[in-house]
Protein chains: 2
Amino acid sequence: MKRTLARESRNMVGERVHLQGWADKVRDLGGIAFVVLRDRSGSVQCVLEGASPPPPGSVVQVKGRVRADQRAPGGAEVVVEEMEVLASPVEAPPLDAASPVLRAGLEALLEHRAVSLRNERIRAVFRVQAELSQGFRSFLRERGFCEIHTPKIVATGTEGGSELFPLRYFEREAFLAQSPQFYKQIMVGSGLERVFEVAPVYRAEKHDTSRHLNEYVSMDLEMGFIEGPEDVMDLEEEMLHYIFESVRERCGEELRLLGSEVPDLSGGIPRLTYDEAVSLIGRDLDPEGERQLCAAVGSELVFVTSFPAEQRPFYTMPAPGGRTRSFDLIFRGLEVTTGGQRIHSYDMLLESIEAAGLRREGMEFYLEAFKAGMPPHGGLAIGLERLTMKLLGLGNVREASLFPRDRHRLTP
Amino acid sequence: MKRTLARESRNMVGERVHLQGWADKVRDLGGIAFVVLRDRSGSVQCVLEGASPPPPGSVVQVKGRVRADQRAPGGAEVVVEEMEVLASPVEAPPLDAASPVLRAGLEALLEHRAVSLRNERIRAVFRVQAELSQGFRSFLRERGFCEIHTPKIVATGTEGGSELFPLRYFEREAFLAQSPQFYKQIMVGSGLERVFEVAPVYRAEKHDTSRHLNEYVSMDLEMGFIEGPEDVMDLEEEMLHYIFESVRERCGEELRLLGSEVPDLSGGIPRLTYDEAVSLIGRDLDPEGERQLCAAVGSELVFVTSFPAEQRPFYTMPAPGGRTRSFDLIFRGLEVTTGGQRIHSYDMLLESIEAAGLRREGMEFYLEAFKAGMPPHGGLAIGLERLTMKLLGLGNVREASLFPRDRHRLTP
């Protein structure tokens, strides 16, 4: 007998069904028991007569017949004919995942992830996150972008920074990649022109804040033949509209559970230069400045453009007055995207490497792409966990990571 | 003026177009020159009169008018009105990427990746690869699977093996994940039931063969409420049919370029037990055995099932006679998938850990999921580069990796 999902079963009054799932709530009234059976689709109430009910939290399979009952949630319930317990909890779990809101601190939620992820509000975060990454890919594929997979074990950093995790790679020292920057640029030059990657990146930053992870998922894109950073911002604006609409459509239940609202992008995203932003808020664009900026502009999303050259990596296309053709996107007070136009001239790139006090050694494979001729290009990177966090109104980026890695956390 | 792609321009006879791309081939006949302009969509011939042609390999933009010409490839060409060189090669490249078949050894192709990827046959490999990973995700999403992102920095290995890359994680030692095994099982138990991940995995194996990479992309899935490994094999069979058909539909040009044929799965994939396979070929299922097996069975794909317990990790569901509820998929003589049913009982798992000579320490977060009750479940992992390699008939798995990491290769 084929399995029926809980959600479907409620529309099958009079039919026999075979359900599998978790016995989330068990009410034993003596002689009759009500069991809320939950599976990946939702829940349905099961009525068990003349048999002892399963322990709460058990994994069960049920055969029975659906009958209409106005008192049951969804207007139908399953009268159990057979119930088999496939697995039971061996001890009381450290957290009560079945309660609507888990009463536990973040540390406990993260420490007992195998249990806390069983809470529906916590699980909902990751269903939404799956839509965000799929939305990113779907939109870009429709625009002619090709997915790439680039190595995370590298011989040198891309930003010249010291914040790299060192690694023993057989006899040699290697590092974990901070970003696929060099590789995605090479792929633009390969003739693919438009590429994207959704993959982990690594930052050995000692920050221990609510917005930093040491391993996170970076949604990267790079595109050739742009006129300037505006082309990349235009693309991101359309893309976020597409992604948010797909979350709104597919994750209505999750958004309701989390009390979250998807921003309306129909009016576009305001764009300010760095200088305008700083002068508007009267302070630097540090985390507090980012929060104030969204309020001052009166928009949930704000593009900040034309950052000073000293704040951007060497491959950023310069602009007059010590500025760059770069941008950040601030979403509800937090930077979720960094992007811009890149230098495409080989000679200009060499000068920029030198001016930044970096060495060409170790970058030969990257420079080779520029020697062979590179089109004008640019791109961006979106932090998936930060995007999830701000979209869902979470207080800490760790809540948007299944198994976060931070300054102190290496397990679970 | 909006950009037109080369492929579209050939259907726009009489219209003005704005093209951007690479001047792949340049024939200067003195006073008149023919330039094949290539972009991500394909190529179109441009005719340049009374101006000096761009250096071959340049990045150019062209404004001109399309006219019908039976002698031009595709029956149309662009009469150039303006041509601007956006970037030129600064020196002769180490490889001639524009030639139809690159005459270079694998070492040179990999060493000069930024140039060799400009060859259309090499680039075609990665367009097909992008369809394989997207096909995996699309199929699984249609079947109710949820995408997950799990950490690649871990405190312990999943297989108890010694083939881990060690890493310095702040003050502690950590490792690169060999597989998302523990995490994907936890996510089945979370109630998501069906999950997948496409992400890098790491094996510090000292092998230096044509089929091993030390960093590769693993396409993992895990599903709850199975009856046995047959459910996972059935799913893979349908999935490969779906993926291959989508490659056939979307990558006709790439398959033609590479002279590759997609296997026909309409007859299903034969299934043999390990014992049957070994007895059929009269030798062990080592690499040579895998090659012989496909020939002996007369099928491009063969499932081998019921491996001996000593060949499978501790979490594999045992079967009578020292066998396991496990399988491999052999594709054109190479293992591309390992999968099976997992142990879901907490007590049985503890016994299996002990029997394997492993310690529970470091696995607490994994065991917690089993303590809370796990449904019967199973899953598989497909090596993306191996699948690409065998589908396209490549001789070495490194050809199916943009920037391979192997025993000796840490750059580009």
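Me: Two residues are in contact if their C-beta atoms, placed from the backbone, lie within 7 Å. With that in mind, what covers the buried residues of α12(B)?

Reply: The cover includes α4, β11 (215-224), α7 (252-258), β16 (326-331), β17 and β18 of chain B. Helices (H or I, at least four residues) and strands (E, at least two) are DSSP runs numbered from the N terminus. This is a predicted model, in which local features need pLDDT of at least 70 and side-chain atom pairs count only at pLDDT 80 or more, while totals for chains, interfaces and linings use all residues. Residues are numbered from 1 along each chain as its sequence is written, and chains are lettered from A and ligands numbered from 1 in the order in which they are written.

Me: What makes helix α12 of chain B "mostly covered"?

Reply: A residue is buried if 20 or more other C-beta atoms lie within 10 Å of its own, exposed if 12 or fewer, and partly exposed in between. In α12(B), residues 384-392, nine of nine residues are buried. Among them are L384(B), E385(B), R386(B) and K390(B). Just after the helix, G393(B) takes a positive phi of about 70 degrees.

Me: Why is R194(A) called buried?

Reply: R194(A) has 21 C-beta neighbours inside 10 Å, and the limit is 20 or more, so R194(A) counts as buried. This residue sits in strand β10 (residues 194-202) of chain A. Leaving out residues up to four places away in sequence, R194(A) touches R143(A), G144(A), F145(A), C146(A), M223(A), G224(A) and, from the other chain, R40(B). F225(A) lies 31 residues from R194(A) in sequence, and their C-alpha atoms are 9.4 Å apart.

Me: What makes β6 and β12 of chain A edge strands?

Reply: Two strands pair if DSSP finds at least two bridges between them. The eight strands of this open sheet in chain A run in the order β6-β10-β11-β18-β17-β16-β13-β12, with mixed pairing. β6 (146-147) and β12 (271-273) of chain A each pair on one side only, and that makes them the edge strands.

Me: How do you know that β11 and β18 of chain A pair, and in what sense?

Reply: Seven bridges join β11 (residues 215-224) to β18 (residues 377-383) in chain A, and at least two are required, so the two strands pair. Their sense is antiparallel. E222(A) stands opposite G379(A) in β18(A). Helix α12 of chain A packs on this sheet, touching β11, β16, β17 and β18 of chain A, with its direction at about 60 degrees to that of β18(A). (Axes are lines fitted to C-alpha atoms, for helices over the stretch in contact, and angles run from 0 to 180 degrees between N-to-C directions.)

Me: What strand order does the open sheet of chain B have?

Reply: Its eight strands follow the order β6-β10-β11-β18-β17-β16-β13-β12, again with mixed pairing. β17 (residues 334-342) and β18 of chain B are antiparallel partners over six bridges. R342(B) stands opposite H377(B) in β18(B). Helix α8 (residues 274-281) of chain B packs on the sheet too, touching β12 and β13 (301-305) of chain B, and makes about 90 degrees with β12(B).

Me: How do you know that β7 and β9 of chain B pair?

Reply: β7 (residues 153-154) and β9 (residues 172-176) of chain B share two bridges, and at least two are needed, so they qualify as a pair. V154(B) has F175(B) as its bridge partner. β9(B) also pairs with β8 (residues 166-169) of chain B, antiparallel and over four bridges. Y169(B) there has R172(B) as its bridge partner. Two residues lie between the strands of the β8(B) and β9(B) hairpin, where F170(B) takes a positive phi near 55 degrees.

Me: What makes it the same surface in both copies?

Reply: 100% of the contact residues of chain B recur in chain A. In total, 79 residues of chain B are in contact with 79 residues of chain A. Helix α4 (residues 120-142) of chain B gives the largest share of its side, seven residues.
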